[in-house]
Amino acid sequence: MLSIFDIYFKSPIVHGMELVTPRFDAPAKRLVLLVADGLRADKFYEPDADGEYRAPFLRSIIRERGRWGVSHARPPTESRPGHVAIIAGFYEDPSAVTKGWKANPVEFDSVFNRSSHTISFGSPDIVPIFCGALPHSTWNTYPHEFEDFATDASFLDEWSFDQFQSLINKSNNDPNLKKLLQRDGLVIFLHLLGCDSNGHAHRPFSSIYLNNVKVVDRIAENMYNLLEDYFKDNRTAYIFTADHGMSDKGSHGDGHPSNTDTPLVAWGAGVRFPKPGSSSSHGDEGHRFVDEHLHDTPTPHDWGLYGLERVDVNQADIAPLMSTLLALPCPANSVGTLPLDYISLAEAEEVEAVVANTKQILNQFIRKSQIKQSNSLHFRPFEPLAHYSSILDQIDDLISSKDYKAALKLSENLRDLALEGLNYFQTYDWFMLMAVITLGYIGWMVHLVLHVLQSYTSHKNSLSNKRSGDKITESGRLMVYVCGCFLMVAASTILFLEHSPPLYHVYTAMTIFLWTRIFGEYLFIRELWMDLVHRDCKFIFKILATCVVAIVVLEFLVHSFTERRLYTWCFLITGVLASSYLFHLNKRRYLVAIYVWIACSFLSIFTLMPAEIPDNTSLVVASGAMAILVGVAARWLDFHHEADRYWNCITNHDMEARIPMLFQLQVFLVGLASAMVWLSTSHRTKNRELLPLHQMINWSVAGVSLILPLFSPNGLLSRLTSIFLGFAPTFLLLSIGYEAAFYSSLGLVLMAWILFENSLIYMSKPALSAGPRKAVDHKASLDQKLRHLELFDVRIPLVFMRF
């Protein structure tokens, strides 16, 4: 699994590039960055139920003094990578999650690093990432204890503003601080966590979250008024945005538009004024953004911004925008492209800004090319940029001749090529890695198939007798192993000379090892082939049909990731086929067949329901009652079918628990969990807090219930019932809606599958005469005698993968 990170999530950071200083005067003296963590674009722009807009100040900015649009984030839509994209201009690889988003796994450049001084206040999870080791910074964070999801978190945003306001007030009596605030290239950053915390706790459509939008708008207004009154020079630029959005269920991380679409408002020194435009088009119409969604659809009419041009950007484009406003070098690893529609510069300065942005990206390309060339035995350059220096000379000549339009177009083309070149070297090893990993997976599957055929099928004895004592066989296998070792050493040597990461050696060594083991069984494979050749056509057809079914199931699993309703048809068809087959085998035991059909039909309903689960506390409580009914029904069946030999055989009947009244205790805990869901939710909704007593009871119920199944009876139905009831309280306490009922439904289907398989084994045995319970051995159960695996047994792993 680690290969996924090496192939798709390799760090884009390289060091050793020269910074590119813009060749124009800064349009702004200082810059204010306001990031509302977890603020969705639609909740920011749309009106409330009364038709009033939640951000009146920023809307007045959009209409009168600034530019606006949607900033598109790239998954994973989490706080750390979102802020890295905004402030450093690159998309951090998700492998950093293994080292902790809050820690700083790698050193990277940022706008803050290039500033003369950075002032920052906000969350202890974000601010230290950028300012913790920055000498020219003034920052502070609130304690982690302030982040209480049971309360209204908007006070965290007000805390950040209050800290900055106190700093401004203090500067009136501190000459050194006042001098620091008057520096050119000053950056002020406020991290506003309230929307994110309230979104997680109360959902983004709650009154608390929506009210928090008003809070951040008020903070933006207060910041603007405070700084304009303090500096009185109109040299301050302002940018308001968010790191990610929030799904309807209060989560984020994936690439859904509710998570990737965030607001962007810019105004102040160096920023263009509003431009008339159609509500049905953007300045970037037809452009595809990093979240891979199409965003050239008309702006929603209820946003009320028709007649004003909307300019969408990629989230990483904000970093070069901030750098350009302050005439600072772009962060060294930034891949953002400067959005000219936000900048108010003279034509010559616009070209210089784009050239600086282009050279900064080109320097990364050159550095990555040098690193890869120095470590490759056979280097493959990126041909479109083989003569990049001559293109730079052409741009300088065009600027000297004041042909700015041609220079701008050529610079943008060169920048696009540099970005393609960065992607080329970022994926330089993809073909080799994918080939090795694919061969490794195929080798692992083939090796497992050979092992199963050798150990658990009828081929075990028939083929092993032919090979016993064969010296030629051992000699051939030894030769294969020697060749495998030679190939492994050669591959490792090449990887070592190319300074490849240690995991590359592991992937290659494992692949060669597996295929060496496979070729070492060449005689067994040959015997298998000969056995297959002499089989009749009917058997060959069965194998091919089994392979086709397996491929169909695998394709179904792949498509079910994007089309979950496929599972509805899957379980409906499975219920009909399984119940019909059981009824065909034993018409007298039709009740098991009916149960299988009902269980599968019930489970098929849930994939028709919305993926965004709505709150429904009553349904969660009812699901607890359903879980108890399922447990009681299973208990009743175990008690009242003791004399039924068929039932005892397929369930391995045993009622002796190691804890007295274990079943009753588990039922009580399920009922208590259901009651606590109602009590905790009601109290939290009314008082916006979660009582410590409720927390203690919930944790105790969840912990104790998970341990109790360890003391359950050994009988199949008794043990499964205990496991089902043991996990039910924890699932109920974590549920918010219909997923609580899904738990009972899934348990019924899993039990149906076990009964189906045991019924097949029972039916495959010679018919047993029915008789009273006392005539049957106390441990009567399925015949435990080992048997060889058959082709029909492939159904078991295929069904298992569906669950």
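**Figure 1. Close-up of Leu33 and the residues that it touches.** In this predicted model, Leu33 touches Ile86, Ile87, Ile188, Phe189, Leu190, Ile239, Thr241 and Met322, when residues up to four places away in sequence are not counted; contact here means heavy atoms within 4.5 Å. Leu33 has its place in strand S1 (residues 30-36), where strands (E, at least two residues) and helices (H or I, at least four) are DSSP runs numbered from the N terminus. With a relative accessible area of 0%, Leu33 is buried, a word that means under 20% relative accessible area, whereas exposed means over 50% and partly exposed in between (1.4 Å probe, protein chains only). The C-alpha atoms of Leu33 and Ala220 are separated by 9.8 Å, although these residues are 187 residues apart along the chain. Residues are numbered from 1 along each chain as its sequence is written, and side-chain values use heavy atoms, with hydrogens and water left out. Because the model is predicted, local features need pLDDT of at least 70 and side-chain atom pairs count only at pLDDT 80 or more, while totals for chains, interfaces and linings use all residues.

Figure 2. Thr241, found in strand S6, is buried with a relative accessible area of 0%. Leaving aside neighbours within four places in sequence, Thr241 is in contact with Leu33, Leu34, Val35, Ala36, Ser71, Ile86, Thr262, Pro263, Leu264 and Ile318.

**Figure 3. Close-up of strand S5 and its partners.** In strand S5 (residues 186-192), 7 of the 7 residues are buried, so the strand is largely enclosed by the rest of the structure. Leu186, Ile188, Leu190 and Leu192 point one way from S5, whereas Val187, Phe189 and His191 point the other way, and all are buried. S1 and S5 run parallel and are joined by 7 bridges, with Val32 standing opposite Ile188. Strand S3 (residues 117-122) also runs parallel to S5, joined by 5 bridges, and here Ile119 stands opposite Ile188.

**Figure 4. Close-up of two aromatic pairs.** Rings of Phe, Tyr and Trp (its six-membered ring) pair if their centres lie within 6.5 Å, and planes under 30 degrees apart count as stacked, over 60 as edge-to-face and the rest as tilted. By this rule, the count comes to 36 aromatic pairs. The rings of Phe108 and Phe130 have centres 6.0 Å apart and planes at 70 degrees, so this pair is edge-to-face. Phe108 lies in the loop between helix H4 (79-88) and helix H5 (111-114), and Phe130 in helix H6 (residues 127-131), so that the pair links distant parts of the chain, 22 residues apart. Phe108 counts as buried at 10% relative accessibility, and Phe130 is buried with a relative accessible area of 5%. The rings of Tyr224 and Trp267 have centres 6.5 Å apart and planes at 55 degrees, so this pair is tilted. Since Tyr224 lies in helix H10 (residues 207-231) and Trp267 in strand S7 (residues 261-268), the pair ties together parts that are 43 residues apart in sequence.

**Figure 5. Close-up of an aromatic cluster and of charges over rings.** Phe365, Phe379, Phe382, Tyr424, Phe425 and Tyr428 form one aromatic cluster. Arg380 lies over the face of Tyr428, at 4.3 Å from the ring centre, and Arg59 lies over the face of Tyr53, at 3.5 Å from the ring centre. A charge sits over a ring if NZ of Lys or CZ of Arg is within 6 Å of the ring centre and within 35 degrees of the ring normal.

How values were computed:
Two strands pair if DSSP finds at least two bridges between them.
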